[in-house]
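Thanks for coming. I will go through one structure today, starting with charged pairs and then moving to the packing inside.

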Amino acid sequence: MGQINLFTAENPDGRIDVSRAVGSQATAVYVYDLAPGTSSCPYHYEYEEEWLLVVDGAVAVRTPDGERAVARGDLMCFPAGPAGAHKILNRGESPARVMMFSSARVPAVSVYPDSDKIAVWSGDEENDLIFKRGTAVPWSEGEEGWEKAL
């Protein structure tokens, strides 16, 4: 059984995999330290709800409804699908620490509307894929005898 302190855990890489640190298999939890002018990820949505907790500092959160300020102690839930699209940005002059968490289910899909990309997270890094939506092919491409399928 692992343990981590959200306020004092060192984070030399900008992201702490809390799930791995405490041994969770069912919940994905990451802590991000955001320097001024940075974000945790591109604007995106997934097909599982995601949660945000601001551990320290303040951030801006972009959603389909616009941008809003979120401060220490604030908790937000992003619903699954396009309505839950979000991007966490540090527009301030001081560092901020946030925690993101969700169900840890794979395979998973992330959609990046600004760049028209889709990511498929297989749970096996070798088979994780990120591609432009326009490069997709029909399921039947390259499949012999597909026209006989029901």
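A salt bridge here is a side-chain nitrogen of Lys or Arg within 4 Å of a carboxyl oxygen of Asp or Glu. Keep in mind that this is a predicted model.

By that criterion, R72 and D56 form a salt bridge, with their closest N and O atoms 3.6 Å apart. R72 sits in the loop between β6 (66-71) and β7, and D56 is in strand β4, so the pair ties together parts that are 16 residues apart in sequence. R72 is exposed, at 52% relative accessible area, while D56 is partly exposed, at 42%.

How many salt bridges does a search of the whole structure find? The search returns five, and I will show two others.

One is D33 with R97, where the closest N and O atoms are 2.6 Å apart. This one links distant parts of the chain: D33 belongs to strand β2 and R97 to strand β9, 64 residues apart. Is R97 buried or exposed? R97 has 9% relative accessibility, and the cut-off for buried is under 20%, so R97 counts as buried.

R62 is partly exposed at 27% relative accessibility, and D114 is exposed at 54%.

Now the inside. In soluble globular proteins, nonpolar side chains tend to be buried together. In this model, the largest nonpolar core has 13 residues, and the members touching the most others are L52, V59, V61, F78, I88 and V98. Two or more residues each come from β2 (27-34), β4 (50-56), β5 (58-63), β7 (75-78) and β9 (96-103). Which element gives the most? That is β9, with three residues.

Take V59 as an example. Beyond its neighbours within four places in sequence, V59 has contacts that include L34, V54, V70, I88 and V98, and also R68. There is also a second, separate core of seven residues, among them A9, I16, V29 and V31.

Last, S19, in helix α1 (residues 18-22). S19 is buried, at 8% relative accessibility. The S19 side chain reaches the backbone oxygen of T27 at 2.7 Å. Leaving out residues up to four places away in sequence, S19 touches S24, T27, A28 and V29.

Conventions: Residues numbered from 1 in each chain as written. Predicted model: local features only at pLDDT ≥ 70, side-chain atom pairs only at ≥ 80, totals over all residues. Heavy atoms only, no water. Core = buried A, V, L, I, M, F, W, Y, C linked by side-chain atoms within 4.5 Å. Buried < 20%, exposed > 50% of the residue type's maximum accessible area, 1.4 Å probe, protein only. Helix = DSSP H or I, 4+ residues; strand = E, 2+ residues; numbered from the N terminus. Contact = heavy atoms within 4.5 Å. Polar contact = N/O pair within 3.5 Å; in protein donor to acceptor, adjacent residues only side chain to side chain.
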